[in-house]
Amino acid sequence: MSNTENTAFIPTEYILAVDHVGIAVPDLDTAVAWYRDNLGMVETHREVNEAQGVHEAMLSVVGTPEGAVALQLLAPINDESTIAKFIDRNGPGLQQLAYRVTDVEAVATHLRERGLRLLYDAPRPGTAGSRINFIHPKDAGGVLVELVEPAAKTTH
């Protein structure tokens, strides 16, 4: 469907940019070292998100301006985490594409009104104090799409 055929798009002020690309990895330190040693990327943030079951690191290309697209490496903290199950099913690799939004709840409401399923009823805590939700991959062409509302003054 073309843009002119559908007038119910997400208002452009809600979607700011691609925020990051998430990569599932079995070992975080090994993956960080690979991206550093082979692509010259630098780690800009690291944390454990118990609720999501991941140990994660955000990486950027040296000299990248603040707010540019980042790479998020996600390693499971236990065998029951979603990332562990993803790796068991698919192997390591591209796990999600995240879009930076101004208001995750408003975007979720808009998408639900269009019949799309989101994984959570309400936003959950994400990396560096962000608020997140996900569009179900079956409603997004097989891609797990993350919606990220950054915390104020967040860098990664």
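Predicted model: local features only at pLDDT ≥ 70, side-chain atom pairs only at ≥ 80, totals over all residues.
1. A residue is called buried when its relative accessible area is under 20%. Q96 has 5% relative accessibility and therefore counts as buried.

2. The surroundings of Q96 can be listed. Leaving aside residues up to four places away in sequence, Q96 touches H20, V21, G22, Q72, L74, F134, L144 and E146. With one of these residues there is also a polar contact: the side chains of Q96 and E146 are joined at 3.2 Å.

3. The protein chain has 3 helices and 8 strands. Followed along the sequence, these elements give the pattern β-α-β-β-β-α-β-α-β-β-β. The radius of gyration is 16 Å, close to the 15 Å that the globule rule gives for 156 residues, so the protein chain is as compact as a globular protein of that length.

4. Further values describe the chain as a whole. The C-alpha trace spans about 45 × 35 × 25 Å along its principal axes. Of the 156 residues, 39% are buried. The protein chain exposes about 8,700 Å², of which carbon and sulfur atoms supply 53%. When contacts between residues at least 6 apart in sequence are considered, 56% of them join residues at least 24 apart.

5. The 8 strands form an open sheet with mixed pairing, in the order β2-β3-β4-β1-β5-β8-β7-β6. Its edge strands are β2 and β6 (124-125), each of which pairs on one side only.

6. Several pairings within the sheet can be followed from strand to strand. β1 and β4 are paired in the parallel sense over 5 bridges, and the bridge partner of H20 in β4 is A70. β1 also pairs with strand β5 (residues 93-101), here in the antiparallel sense and over 8 bridges; in this pairing, I23 stands opposite L94 in β5. β5 and β8 run parallel and are joined by 4 bridges, with L97 standing opposite V145 in β8.

7. What joins β2 and β3, and in which sense do they pair? Strand β2 (residues 41-49) and strand β3 (residues 54-61) are antiparallel partners over 8 bridges, and R46 stands opposite A57 in β3. The two strands form a hairpin with 4 residues between them. In the turn, G53 has a positive phi of about 75°.

8. Helix α1 (residues 28-39) has 12 residues. From its first C-alpha to its last, α1 reaches 16 Å, close to the 16 Å expected at 1.5 Å a residue. At the start of α1, a side-chain oxygen of D27 comes to within 3.3 Å of the backbone nitrogen of D29. After α1 comes G40, whose phi is positive, near 70°.

9. Which residues of α1 are buried, and against which strands do they pack? The buried residues are L28, A31, V32, A33 and Y35. They pack against β1 (15-24), β2, β3 and β4 (70-76). As background, an α-helix has 3.6 residues a turn, so residues three or four places apart point the same way.

10. The side chain of E149 reaches the backbone nitrogen of V104 at 2.8 Å. Apart from residues up to four places away in sequence, E149 touches V101, T102, D103, V104, S130 and R131.

11. Most residues other than glycine have a negative phi. A128 is not a glycine, yet its phi is positive, about 55°. The residue is found in the loop between β6 and β7 (131-135). At 23% relative accessibility, A128 counts as partly exposed, because that class lies between the buried limit of 20% and the exposed limit of 50%.

Key: Residues numbered from 1 in each chain as written. Heavy atoms only, no water. Pairing = 2+ DSSP bridges. Polar contact = N/O pair within 3.5 Å; in protein donor to acceptor, adjacent residues only side chain to side chain. Contact = heavy atoms within 4.5 Å. Expected span 1.5 Å × (residues − 1). Buried < 20%, exposed > 50% of the residue type's maximum accessible area, 1.4 Å probe, protein only. Rg over C-alpha atoms; globule rule 2.2 N^0.38 Å. Areas by Shrake-Rupley, 256 points an atom, 1.4 Å probe, with all protein chains shown as cover.
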